[in-house]
Amino acid sequence: APVSRARSRAGVEFPATAANRRSALRRARIAPPPRASTEKDEVKDSVERAADLLDKIINETVQGIFIEEAVEEVSDAQAASADGGDAPNGGTKMTERPGVNKEVVLKNVVLKYLPELDGSFLAAVGAYVQVAESSGDFALLSLLAAIREEVLAAVSGEMRPDVQVVQLVSRLKSPEDRLEVLRAAHRGGGKAAGYDVPNAPIESVENAAARVVDELEMNENV
């Protein structure tokens with residue numbers, strides 16, 4: 001049976017309950033190899049915490065966008081009432097207002113929970129993405145992609161500039177964009193490929209990339 005869904009006035013659609021999303025997450029996960037009971041319990045607890053946290057971020061983001069839009073509508077209505085009759089031909093003068101900045105709302109929610117975010121959270125986002133793709137839920141898919149980008153940007157902001165550049169380059173698909181970012185970093189930082197690039201000499205970026213590769217090679221699972 002199709003999953004019951006809720007829709008915000010911002011047009012973001014998502015599974016209506018935390019239980020539904022956790023169930024989707026469990027279905028999306030690839031079954032791990034057999035583990036000791038204690039390790040299984042730890043993995044389960046980690047996944048459940050990540051799923052609950054993702055639920056909070058999704059719900060608070062949608063609620064925040066809804067409230068911002070409601071405030072804008074009320075403000076527009078009050079402005080129209082106050083300005084009534086001032087426009088030519090007895091019309092109503094409307095004040096132009098910028099739309100709700102959904103990225104700012106999402107960023108604030110992500111920063112609120114930043115200390116709780118870890119690798120399990122990003123794995124949960126990845127699993128939700130698989131479910132959204134398979135079900136054709138593009139509204140949820142768009143929100144999840146935005147959450148992932150905000151989390152990566154927030155985490156990267158705590159890192160050294162050379163590591164930030166490595167993280168940014170690793171997320172870019174276009175070789176031209178990667179080269180543009182590296183050149184901007186080496187020149188002293190600035191805007192490149194639509195991102196704010198920190199100052200990081202190419203030698204430092206190269207060393208940081210080598211350290212990341214070394215750390216990955218030391219991990220049993222990447």
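Helices (H or I, at least four residues) and strands (E, at least two) are taken here as DSSP runs and numbered from the N terminus. On that basis the chain has eight helices and four strands, arranged from the N terminus as β-β-α-α-α-α-α-α-α-β-β-α. The model is a predicted one, in which local features need pLDDT of at least 70 and side-chain atom pairs count only at pLDDT 80 or more, while totals for chains, interfaces and linings use all residues. Residues are numbered from 1 along each chain as its sequence is written, and side-chain values use heavy atoms, with hydrogens and water left out.

Of its 222 residues, 31% count as buried, where buried means under 20% relative accessible area, exposed over 50%, and partly exposed in between (1.4 Å probe, protein chains only). The chain exposes about 13800 Å², and carbon and sulfur atoms supply 52% of that area; accessible areas come from the Shrake-Rupley method with a 1.4 Å probe, and for residues only the protein chains shown count as cover. With contact meaning heavy atoms within 4.5 Å, residues 24 or more positions apart account for 60% of the contacts with a separation of 6 or more.

Helix packing comes next. Axes are lines fitted to C-alpha atoms, for helices over the stretch in contact, and angles run from 0 to 180 degrees between N-to-C directions. Angles under 35 degrees count as roughly parallel, over 145 as roughly antiparallel, 65 to 115 as roughly perpendicular and the rest as oblique. A crossing is left-handed if the near helix is turned anticlockwise from the far one by less than a right angle, and right-handed if clockwise. For residue classes, Ala, Val, Leu, Ile, Met, Phe, Trp, Tyr, Cys and Pro count as nonpolar, Asp, Glu, Lys and Arg as charged, and the others, Gly among them, as polar.

Helix 3 (residues 102-113) packs on helix 5 at an angle of about 55°, with the axes 10 Å apart, so the pair is oblique. The crossing of helix 3 and helix 5 is right-handed. In this pair, Glu 103, Leu 106, Lys 107, Val 110 and Leu 111 of helix 3 meet Ala 146, Ile 147, Glu 150, Val 151 and Ala 154 of helix 5. By class, seven of these residues are nonpolar, none polar and three charged.

Helix 5 (residues 138-157) also packs with helix 6 (residues 161-171), at about 160° and with axes 9 Å apart; the two are therefore roughly antiparallel. Their crossing is right-handed. Here Glu 149, Leu 152, Ser 156 and Gly 157 in helix 5 meet Gln 164, Gln 167 and Arg 171 in helix 6, a set of one nonpolar, four polar and two charged residues.

Helix 6 in turn packs with helix 7 (residues 175-187) at about 165°, with axes 9 Å apart, and this pair is therefore roughly antiparallel. Helix 6 passes helix 7 in a right-handed crossing. Val 165, Leu 168 and Val 169 of helix 6 make the contact with Arg 178, Val 181, Leu 182 and Ala 185 of helix 7, giving six nonpolar, no polar and one charged residue.

Ala 193 sits in the loop between strand 3 (190-192) and strand 4 (195-197), and its phi is near 55°, a positive value in a residue other than glycine. Most residues other than glycine have a negative phi. Ser 204 lies in helix 8 (residues 202-218); Ser 204 and Pro 161 are 43 residues apart in sequence and 9.0 Å apart in space, C-alpha to C-alpha.
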